Amino acid sequence: MIGGLGAGVVCALGIARLALRTLQAAWPEYAAALPQKEFTLPMLLSRLSIAVLLTVPSASAATLVAGDRRASWMLGCLIVVVWLPSHLHYSWADYPLWYHAAYLVSIVPLAVLGGRLVPIRLSSPTPVTPRSVKRGNMSQIRIRAERQADHERVFEIEQSAFGGQIQANLVEALRESANPSLSLVADLNHKIVGHIFFSPVTLDGTRSPAAAQLSPVAVDPEFQGQGIGSALIRAGIEQSPAKGWVAIFLVGNPLFYSRFGFEMAKPRSHSCSGPHDPFLQVLDLAPGALHGVTGHVEFHPAFAEIEGE
Ligand SMILES: CC(C)(COP(=O)(O)OP(=O)(O)OC[C@H]1O[C@@H](n2cnc3c(N)ncnc32)[C@H](O)[C@@H]1OP(=O)(O)O)[C@@H](O)C(=O)NCCC(=O)NCCS
């Protein structure tokens, strides 16, 4: 950063000197106005063009050398604080206040513009913090297929979200044996912060029509309540037809899942084993996908094995 600022200042001084000499040589009116401290339109235009000429390239140089865009606006601040007052000293009282204000205010945006012209990647990616999502950075969340390199982190998320290893082990077992399956992760600036899994179910012992179960879904506790779980669920629903599934079942809180279109399964004569039966819900992926289809929903055997532990 220091090197970048140094390069920017040297570049700024060089350009300023060159620009002033060129202007004085090529534009007699400007040279004549200087000693008399007159405020004229040519004077204003020339000073503003010097501001652009000076700031944009020197901010680009600062950014290039520092490898960090913050160097450009640091340079802008430096020019305002150190260089401009001394440069304006002899003419400060001779020009209208708005002229000085416009000049000063334009420097930092010009410096930022200079930094943006340089196609650099920040040397270290922006750190991912829970606050960074709360500040409205949901657009940085990418829902993508889980990869092998994600397995360890997914285990951690399942464990911390559920406060134990049952669901984490369940995911490991489902990965091994569920086919087809859909496993998605929420990726925030290369940090996995959520995970969702879909596995096939049978209806009255058959896989026709083909349907899935959504379970488990988990979000890193530090990142909960910010729309990540909903984004995972919506993406899973969107991608399910490609797996051949015409409906999705789940067991969970209807207050949460009804917002995605899930409805209670009991009135549609679906049931499942165990104490979860009253909470079984279903979503048709196409209108009438399960029309006339009722019956007992059997989850993947991994669920029974895990519950039996
Ligand atoms: C459930 C979970 C995946 C939701 O993810 P999230 O990113 O926190 O959720 P979102 O920010 O998209 O949605 C937040 C909403 O979900 C609601 N919600 C979260 N967990 C809920 C639950 N267990 N029951 C009912 N509602 C719940 C919140 O009250 C909030 O409601 P609001 O929008 O009306 O304020 C996450 O809270 C989690 O990992 N929980 C622990 C594991 C778990 O219970 N998984 C679900 C069972 S498989």
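Two strands pair if DSSP finds at least two bridges between them, and S4 and S5 of this protein meet that rule with three bridges, running parallel. Welcome to a predicted model, in which local features need pLDDT of at least 70, side-chain atom pairs count only at pLDDT 80 or more, and totals for chains, interfaces and linings use all residues. Residues are numbered from 1 along each chain as its sequence is written.

**Overview**

- The protein has eleven helices and nine strands; these are DSSP runs (helices H or I, at least four residues; strands E, at least two), numbered from the N terminus.
- Two residues are in contact if their C-beta atoms, placed from the backbone, lie within 7 Å. Among contacts between residues at least 6 apart in sequence, 73% join residues at least 24 apart.

- S3 (191–203) and S4 (206–219) run antiparallel, joined by eight bridges, and Phe-198 stands opposite Leu-214 in S4.
- Two residues lie between the strands in the S3 and S4 hairpin, where Asp-204 takes a positive phi near 50°.
- Ala-211 has Ala-247 in S5 opposite it. From S4 the chain passes through H9 to S5, making a right-handed β-α-β crossover (with the strands pointing away from the viewer, the path from the first strand over the helix to the second runs clockwise).
- S5 also pairs with S8, in the antiparallel sense and over five bridges; here Val-251 has Leu-280 in S8 as its bridge partner.
- S8 pairs with S6 (residues 263–264) as well, antiparallel and over two bridges, with Glu-263 opposite Val-282 in S8.
- S8 is largely enclosed by the rest of the structure, because four of its five residues are buried.

**Nonpolar cores**

- A nonpolar core is a set of buried Ala, Val, Leu, Ile, Met, Phe, Trp, Tyr and Cys residues joined through C-beta atoms within 7 Å.
- The largest has 47 residues, and Ala-211, Ala-247, Ile-248 and Phe-249 touch the most other members. Elements giving two or more residues to this core include H7 (151–162), H8 (166–177), S3 and S4; the largest share, seven residues, comes from S3.
- Another core, of 18 residues, lies apart from it, with Cys-11, Leu-54, Ile-107 and Leu-110 among them.
- Leaving aside neighbours within four places in sequence, the contacts of Phe-249 include Val-201, Ala-211, Leu-280 and Val-297.

**Around the ligand**

- The ligand is surrounded by 18 residues, and Gln-224, Gly-229, Ser-230, Asn-253 and Phe-256 are the closest; a residue is near a molecule if its C-beta atom, placed from the backbone, lies within 6 Å of it.
- H7, S4, H9 and H10 (254–257) each give two or more residues to this shell, and S4 gives the most, with five.
- The shell divides into nine nonpolar, nine polar and no charged residues (nonpolar: Ala, Val, Leu, Ile, Met, Phe, Trp, Tyr, Cys and Pro; charged: Asp, Glu, Lys and Arg; polar: the others, Gly among them).

**A look at Pro-57**

- Pro-57 is found in helix H3 (residues 41–66), and it counts as partly exposed because it has 17 C-beta neighbours inside 10 Å.
- Not counting residues up to four places away in sequence, Pro-57 touches Cys-11, Ile-15 and Gly-114.
- The C-alpha atoms of Pro-57 and Leu-110 are separated by 9.6 Å, with the two residues 53 apart along the chain.

Key
Buried ≥ 20, exposed ≤ 12 C-beta atoms within 10 Å, placed from the backbone.
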